[in-house]
Amino acid sequence: MRRILPLAGLSLSLLLVACQTVNTTSGGAVGVQRKQYMFSMLSEQQVNQMYAQSYAKTVSEAKSAGKLANDTADGKRVAAIAKRLIPQTAAFRPDAVNWDWQVNLVQSDELNANCGPGGKIFVYSGLIDQLKLTDDELAAVMGHEIAHALREHSREQMSRAYAIQMGENLGGALLGVGQGGMQLADQVSQVALTLPFSRGNENEADLIGLELSARAGYNPNAAITLWQKMAQASQGKQPAEFLSTHPSDANRTKALQAAIPKVMPLYEAAKKG
């Protein structure tokens with residue numbers, strides 16, 4: 001066992017050299033402060049470019065299939081809400097207002113929305129139709145998704161994947177880990193690191209999204225009713241919190257309720273303005 005420690009330390013040192021510590025956003029009124037570790041050879045521009053290509057392909061396919069719904073009443077709602085939310089991103093990172101923002105509503109029964117790296121937004125009509133979202137609730141979910149992009153959670157996730165791969169390669173070579181040990185390491189990594197957008201990421205997106213919508217003049221209390229509707233829609237389908245990429249309903253509600261008083265003055269000021 002004593003021989004393993006120096007080698008493990010060497011492996012860790014090599015991983016740390018390959019990563020850089022960043023904080024992609026300021027804390028805002030909600031106080032999101034966490035060091036993020038990004039793979040130094042994976043730049044923000046690279047991730048944005050990769051996602052932009054994928055986004056353009058998806059938009060093209062949706063258009064060819066007659067599934068783009070930007071000209072509908074809901075499509076115009078989505079565009080109007082995005083227009084109010086995007087300027088508020090400057091409160092967390094000034095460069096974001098100059099991103100190449102794109103917003104599309106896709107006709108689909110899927111209960112989903114997404115904002116990828118660089119400000120590429122998809123909203124699926126099923127989310128609006130099935131949950132009967134108000135503008136305040138729609139702003140809450142869009143703000144949440146925009147927050148993921150501001151915090152560069154996708155690049156962070158990719159950096160973790162690189163670190164895992166490097167760690168497995170280095171650890172397996174240096175320590176002579178057997179096949180069983182490597183399988184166990186893979187399982188632990190899958191649970192701890194590689195689930196899409198960890199619960200910590202989701203908590204950050206909840207808080208930043210709450211502030212974005214409040215600054216844009218949308219009632220922050222709508223975040224509570226939004227996730228209540230989502231919980232009802234997924235009743236019986238949500239996995240245990242330990243393996244879920246989202247916080248449990250109770251924990252999410254508790255965190256949002258604690259943060260609402262911090263952003264309520266911003267909402268009231270926006271309404272007066």
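1. Glu152 is buried, its relative accessible area being 10%, where buried stands for under 20% relative accessible area, exposed for over 50% and partly exposed for what lies in between, with a 1.4 Å probe and protein chains only. The residue sits in the loop between α5 and α6 (153–175), helices (H or I, at least four residues) and strands (E, at least two) being DSSP runs numbered from the N terminus. Although Glu152 is not a glycine, its phi is positive, at about 55°.

2. A word on the basis of these remarks: this is a predicted model, in which local features need pLDDT of at least 70 and side-chain atom pairs count only at pLDDT 80 or more, while totals for chains, interfaces and linings use all residues. Residues are numbered from 1 along each chain as its sequence is written, and side-chain values use heavy atoms, with hydrogens and water left out.

3. Lys132 also has a positive phi, near 50°, in a residue other than glycine. Most residues other than glycine have a negative phi. Lys132 is placed in the loop between α4 (125–131) and α5, and it counts as exposed because its relative accessibility is 64%.

4. The sheet is open and consists of 3 strands in the order β3-β5-β4, with mixed pairing, where two strands pair if DSSP finds at least two bridges between them. Its edge strands are β3 (102–106) and β4, each of which pairs on one side only. On average, neighbouring strands of this sheet are turned by 10° against each other, direction ignored.

5. Strands β4 (residues 113–116) and β5 (residues 120–124) run antiparallel and are joined by 4 bridges, with Ile121 in β5 as the bridge partner of Cys115. The hairpin of β4 and β5 has 3 residues between the strands, and in this hairpin Gly118 takes a positive phi near 80°.

6. Helix α2 (residues 44–64) lies across β3, β4 and β5 and runs at about 35° to β5; axes here are lines fitted to C-alpha atoms, for helices over the stretch in contact, and angles run from 0 to 180 degrees between N-to-C directions. Helix α3 (residues 73–85) packs on the sheet as well, touching β3 and β5, and its direction makes about 155° with that of β3.

7. Leaving aside neighbours within four places in sequence, Trp101 is in contact (heavy atoms within 4.5 Å) with residues including Ile86, Thr89, Cys115, Gly118, Ile121 and Ile146. Trp101 and Lys120 are 19 residues apart in sequence, yet their C-alpha atoms are 5.7 Å apart in space.

8. Helices α3 and α5 pack at an angle of about 60°, with their axes 10 Å apart. That makes α3 oblique to α5, since angles under 35 degrees count as roughly parallel, over 145 as roughly antiparallel, 65 to 115 as roughly perpendicular and the rest as oblique. The crossing of α3 and α5 is right-handed, a crossing being left-handed if the near helix is turned anticlockwise from the far one by less than a right angle, and right-handed if clockwise. The contact involves Arg77, Val78, Ile81, Ala82 and Leu85 of α3, which meet Asp135, Leu138, Ala139, Met142, Gly143 and Ile146 of α5.

9. For α8 and α10, the packing angle is about 25° and the axes are 7 Å apart, so the two helices are roughly parallel to each other. α8 passes α10 in a right-handed crossing. On the α8 side the residues that meet α10 include Glu202, Asp206, Leu207 and Leu210, and on the α10 side those that meet α8 include Arg252, Ala255, Leu256 and Ala259.

10. Asn201 lies in helix α8 (residues 199–215) and is buried, with a relative accessible area of 1%. Neighbours within four places in sequence left aside, Asn201 is in contact with Arg34, His148, His153, Glu156 and Arg160.

11. Helix α9 (residues 222–233) has 12 residues, which should span 16 Å at 1.5 Å a residue, and its end C-alpha atoms are 16 Å apart, in agreement; the expected span is 1.5 Å times one less than the number of residues. In α9, Ala222, Ala223, Ile224, Leu226, Trp227 and Ala231 are buried, and what covers the buried residues of α9 includes α5 (135–150), α8 and α10 (249–272).
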